[in-house]
Amino acid sequence: APAHERFSMIVVPTDTKGYQIVRIVPVMGETSGGHCEIKYTDVRVPLTNLLGPRGQAFTIAQKRLGPGRIYHCMRWLGQAQRAFELMVDRAINRQAFGGPLSDKQTIQNWIADSAAEIQAARLLTLNAAAKIDAGDEARVEISLIKFFGAKVLHDVIDRAIQVHGAMGVSEDTPLARMYRHARFARIYDGPDEVHRMVVSRRIVSEFKKGRKWDFGRGIRRNGR
Ligand SMILES: Cc1cc2nc3c(=O)[nH]c(=O)nc-3n(C[C@H](O)[C@H](O)[C@H](O)COP(=O)(O)OP(=O)(O)OC[C@H]3O[C@@H](n4cnc5c(N)ncnc54)[C@H](O)[C@@H]3O)c2cc1C
């Protein structure tokens with residue numbers, strides 16, 4: 001079959017004979033069981049467990065991934081804002097070297113940089129969502145926000161941890177957990193590098209066709 005029609009999606013209930021959880025895979029110290037090694041031995045399920053048409057797994061997965069990535073970006077904005085609030089609060093209340101941390105220029109830069117980056121990620125997310133609402137697949141816009149949003153999340157939490165000093169890496173604030181999850185964000189649903197590749201490939205192909213990249217509209221499809 002053509003490259004994108006070689007896989008099917010099949011629902012396998014976890015009480016099916018031959019289904020086995022081999023082990024929980026610890027992920028950056030977390031052992032909650034969200035990530036497991038699974039073994040399927042001679043597993044059989046009825047034909048009705050086929051999800052969608054045969055050979056259409058790639059299409060189904062892609063259809064889920066677009067909106068799914070936007071959801072991630074929305075959650076990341078909430079997480080980044082929470083980290084930002086913790087950072088500013090700590091900067092105001094922690095006294096060091098004769099005054100509050102918020103009076104130190106480096107900390108002020110971190111607050112300002114974080115504010116700019118969160119707002120940029122917010123607007124990129126809204127832009128991608130508006131494209132989806134208009135019926136566009138918005139693949140470039142989603143890839144842009146997927147890698148940019150993950151980096152903003154990571155960097156804002158990183159600064160918030162630094163402002164908290166040792167307390168930032170303890171489990172006494174939510175920051176340590178948020179940091180682990182922010183690290184995952186740069187990998188799941190496609191690593192940063194793959195999303196950059198998608199964006200670059202698309203832009204380069206437009207230029208090769210003699211067109212330019214329109215930052216206002218991105219690429220127009222179906223006359224939109
Ligand atoms: C916390 C977490 C949750 C996840 N949840 C799910 C889930 O619910 N469902 C699911 O299906 N999957 C899930 N994944 C899997 C995730 O989507 C993959 O791990 C991810 O797509 C990367 O694939 P890989 O691990 O095989 O890395 P690889 O494909 O081996 O890539 C490894 C590295 O190589 C580099 N690389 C790869 N391709 C390129 C390229 N074209 N150009 C440049 N560099 C490249 C990147 O740096 C990349 O990080 C999850 C992963 C994590 C960490």
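Good morning. I begin with a salt bridge (a side-chain nitrogen of Lys or Arg within 4 Å of a carboxyl oxygen of Asp or Glu): the side chains of E30 and R180 meet in one, at 3.0 Å from N to O. E30 sits in the loop between β2 (19–24) and β3 (36–40) and R180 in helix α5, so the pair ties together parts that are 150 residues apart in sequence. Helices (H or I, at least four residues) and strands (E, at least two) are DSSP runs, numbered from the N terminus.

This is a predicted model, in which local features need pLDDT of at least 70 and side-chain atom pairs count only at pLDDT 80 or more, while totals for chains, interfaces and linings use all residues. Residues are numbered from 1 along each chain as its sequence is written, and side-chain values use heavy atoms, with hydrogens and water left out.

Are E30 and R180 buried or exposed? Both are buried, that is, under 20% relative accessible area, where exposed means over 50% and partly exposed in between (1.4 Å probe, protein chains only).

A second salt bridge joins the side chains of E117 and R159, at 3.1 Å from N to O. E117 belongs to helix α2 (residues 105–133) and R159 to helix α3, so this pair ties together parts that are 42 residues apart in sequence. E117 and R159 are buried as well.

K151, at 41% relative accessibility, counts as partly exposed, whereas D155, at 18%, counts as buried.

Finally, R202, E206, K209 and R211 are linked in a network of salt bridges. The structure holds 11 salt bridges. Thank you.
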